[in-house]
Amino acid sequence: MPPARVAAKVISLQTCTEAQAKREVDAYMRVQGHAGPRCVFVLSMHAEALVPGVAHYLFLEYCERGDLLDHVLSSGGTGEVEGRSLFAEMLCAAHHLHACGVAHRDIKLENIMVGTHGCKLGDFGLAKLTDEGAATCPCEGFIGSVAFAAPECYLLGAPYDAFKA
């Protein structure tokens, strides 16, 4: 039975290529289709649709409280207990992604959605896919948000391991 509510993400093919949009879909599919148990701290994709040359539509799990940035700003921050819980949930999500061979590369408050039962990592638009079970995810060139990136990724311009950055 389909969920009662979903969130729709529109990826305009005027601002990115079909290959870039497909990478995000592939990341969601790989994380959800992983042989092990599904991680409850990763946003679910329910369906997708492509209108060639126009847009790729993703229909995602709806999180009624919006993103974590809005939650933090509207509540004036988080206490230590809530902060620890949110951090543990994101560590679990990152661990699951890495086990699936996916490096997110843009974890920030705007990409963490908040529902009634905790938070969920989403937005795999900048993800890098590698082999499932791989120990490393070699990358070159900076991608993501400078404010949240490891310094070696944008200052040195040297190759880096996205699973460690």
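The model is predicted: local features need pLDDT of at least 70, side-chain atom pairs count only at pLDDT 80 or more, and totals for chains, interfaces and linings use all residues. Residues are numbered from 1 along each chain as its sequence is written, and side-chain values use heavy atoms, with hydrogens and water left out.

**Stop 1: the largest pocket**

Select D106, I107, K108, F148 and A165, which lie nearest the centre of the largest pocket among its 28 lining residues. A pocket here is an open set of points on a 1 Å grid over the protein atoms alone, where a 1.4 Å probe fits, with protein on both sides within 12 Å along at least five of seven lines; lining residues have an atom within 4 Å of a point. The space in this pocket comes to about 640 Å³, a volume being the space filled by probe spheres set on the points, which are joined across faces, edges and corners.

Next, select helix α3, residues 80-99: with eight residues, α3 gives the most to this lining. Helices (H or I, at least four residues) and strands (E, at least two) are DSSP runs, numbered from the N terminus. Coloured by class, the lining shows 19 nonpolar, five polar and four charged residues. Nonpolar covers Ala, Val, Leu, Ile, Met, Phe, Trp, Tyr, Cys and Pro; charged covers Asp, Glu, Lys and Arg; the others, Gly among them, are polar.

**Stop 2: the second largest pocket**

Here the volume is about 170 Å³. Select A7, L43, L60, M113 and D123, the closest to the centre of this pocket out of 14 lining residues. Strands β1 (6-12) and β3 (55-61) each supply at least two residues of the lining, and β1 gives the most, with three. The classes are eight nonpolar, two polar and four charged.

**Stop 3: the aromatic pair**

Select Y28 and F124. The whole structure holds one aromatic pair (rings of Phe, Tyr and Trp, the last by its six-membered ring, with centres within 6.5 Å; planes under 30 degrees apart are stacked, over 60 edge-to-face, the rest tilted). The ring centres of Y28 and F124 are 4.4 Å apart and the planes stand at 75 degrees, so the pair is edge-to-face. Y28 sits in helix α1 (residues 18-32) and F124 in the loop between β6 (118-121) and β7 (128-129), 96 residues apart. Both residues are buried (under 20% relative accessible area with a 1.4 Å probe, protein chains only; exposed is over 50%, partly exposed in between).

**Stop 4: salt bridges around K9**

Six salt bridges are counted, each a side-chain nitrogen of Lys or Arg within 4 Å of a carboxyl oxygen of Asp or Glu. Select K9 and E24, whose closest N and O atoms are 2.7 Å apart. K9 is in strand β1 and E24 in helix α1, 15 residues apart. E24 is buried at 3% relative accessible area, whereas K9 is partly exposed at 23%.

D123 is partly exposed, at 28%.

**Stop 5: back to helix α3**

Select R84 and E80, a salt bridge with its closest N and O atoms 2.5 Å apart. The two are four residues apart in α3, about one helical turn, and both are exposed. To finish, show K9, E24 and D123 together: salt bridges with shared partners join these residues into one network.
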